[in-house]
Amino acid sequence: MAPAEHVAIVTGANHGIGAATAERLASRGTAVLITYLRGRVTSDPATPERYQQNRMRSGEEVADRIVARGGRAVAVEADLLDAATPAALFDRAEKELGTVDILINNATGWTAGDSFAAGAPDVAGRTTASVTAELFDRTFGVDARASALMIAEFARRHIAGGRSWGRIVGLTSGGPNGFPSEVTYGAAKMALENYTMSAATELGRRGVTANIVHPPITDSGWVNDEIREFAATSREHFHVAEPEEVATVIAWLCSDEARMVTGNVIRMR
């Protein structure tokens, strides 16, 4: 098989938006390294079991679907809390697929919503936890620190190789006014936004675009009746999307058509 035109790393791609993005990129001829880490995330009964099961899926299932359609994909279970993981992922991708020129920072360390008014239910009916050092370390460790290290590894190799084309896309949530009932998650995502905007400025003249996608409420398995009722009356959210709908926007940002789109937070509603 001829080498792929592009090679992507998509983190957190064993289900949901990450899996849909890996498959959409692959359908356009991109070889994909899928990273994932299985695990149940919360014991709150308001979290649908299907979401827990989705988080437990193997990335090999996604890679197998891509390969069955004639694409190239490798799945790697890896802990992004380990600072050595980013370099190892790029090494693996380069060895098996080729030079990485697309990075999708989709993985999250979310395990539970937390609040400064802990104990109250959130819009999904889940009981909020207190802000703790443990939740901070895990959430910021994956959503912010690991994403920054992935961008740094991407940039280092891009510059060293004298390359002139690249795409970075991060996934965010919350907003500049915070994310009540998800305060640490929202803060970690704002850090990811800031890292990505810096990458857009610093790497722009090297042919790299860097953007953030803010998905609408997206049903990766966690949406329950309470969330659908919330979406039906919200002034901020107009749709409950499927992961494939978000993946379409991410894939467009990774295309040649989007070469002048950089340094943006694209809000989907």
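In this predicted model, residues 24 or more positions apart account for 72% of the contacts with a separation of 6 or more in the protein. The chain is organised into eight helices and eleven strands. Its radius of gyration is 18 Å, close to the 18 Å that the globule rule gives for 269 residues, so the protein is as compact as a globular protein of that length. Taken along the principal axes, the box filled by the C-alpha atoms is roughly 55 × 40 × 35 Å. Of the 269 residues, 54% count as buried.

## Helix packing

Two packed helices are described by the angle between their axes and the distance between the axes.

| Pair | Angle between axes | Axis distance | Crossing |
|---|---|---|---|
| H1 and H8 | about 50 degrees | 8 Å | right-handed |
| H4 and H5 | roughly 50 degrees | within 9 Å | right-handed |
| H1 and H3 | roughly 20 degrees | within 10 Å | right-handed |

Helix H1 spans residues 16–27 and helix H8 spans residues 243–253; they pack at an angle of about 50 degrees. That angle makes H1 oblique to H8. On the H1 side, the contact is made by Gly16, Ile17, Ala20, Thr21, Arg24 and Leu25. The H8 side contributes Pro243, Glu244, Val246, Ala247, Thr248, Ile250 and Ala251. By residue class, the contact of H1 with H8 comprises eight nonpolar, three polar and two charged residues.

Helix H1 also packs with helix H3, which covers residues 59–68, and here the axes cross at roughly 20 degrees. That makes H1 roughly parallel to H3, since angles under 35 degrees are classed in this way. Ala19, Ala22, Glu23 and Ala26 of H1 meet Val62, Arg65 and Ile66 of H3. The residues of this contact divide into five nonpolar, no polar and two charged.

The remaining pair in the table joins helix H4, residues 85–96, to H5, with axes that cross at roughly 50 degrees. H4 and H5 are therefore oblique to each other. From H4, the residues in the contact are Pro86, Ala87, Leu89, Phe90, Asp91 and Glu94. Their partners in H5 are Leu149, Met150, Glu153, Phe154 and Arg157. The contact of H4 with H5 contains seven nonpolar, no polar and four charged residues.

## Individual residues in helices

Thr21 belongs to helix H1 and is one of the residues through which H1 contacts H8. Its relative accessible area is 1%, so Thr21 is buried, the cut-off for that class being under 20%. Leaving aside neighbours within four places in sequence, Thr21 is in contact with Ile104, Ala247 and Ile250. Of these partners, Ala247 and Ile250 are listed among the H8 residues of the helix contact.

Glu60 has its place in helix H3. Its relative accessibility is 38%, and Glu60 therefore counts as partly exposed. When residues up to four places away in sequence are not counted, Glu60 touches Tyr36 and Ala75. The C-alpha atoms of Glu60 and Thr35 are 9.6 Å apart in space, while the two residues are 25 residues apart in sequence.

Asp225 is found in helix H7, which runs over residues 225–233. With a relative accessible area of 56%, Asp225 is exposed, as the cut-off for that class is over 50%. A separation of 8.0 Å is found between the C-alpha atoms of Asp225 and Ala124, which are 101 residues apart along the chain.

## Loop positions

Gly161 lies in the loop between helix H5 (133–160) and strand E7 (166–171). This glycine is partly exposed, with a relative accessible area of 45%. Gly161 and Leu25 are 136 residues apart along the chain, and their C-alpha atoms are separated by 23 Å. Leu25 is one of the H1 residues in the contact with H8.

Ser181 is located in the loop between E7 and helix H6 (183–203). Although Ser181 is not a glycine, its phi is positive, at about 75 degrees.

Methods
Residues numbered from 1 in each chain as written. Predicted model: local features only at pLDDT ≥ 70, side-chain atom pairs only at ≥ 80, totals over all residues. Heavy atoms only, no water. Axes fitted to C-alpha atoms, helices over the stretch in contact; angles between N-to-C directions. Helix = DSSP H or I, 4+ residues; strand = E, 2+ residues; numbered from the N terminus. Parallel < 35°, antiparallel > 145°, perpendicular 65-115°, else oblique. Left-handed = near helix turned anticlockwise from the far one by under 90°. Contact = heavy atoms within 4.5 Å. Nonpolar A, V, L, I, M, F, W, Y, C, P; charged D, E, K, R; others polar. Buried < 20%, exposed > 50% of the residue type's maximum accessible area, 1.4 Å probe, protein only. Rg over C-alpha atoms; globule rule 2.2 N^0.38 Å.
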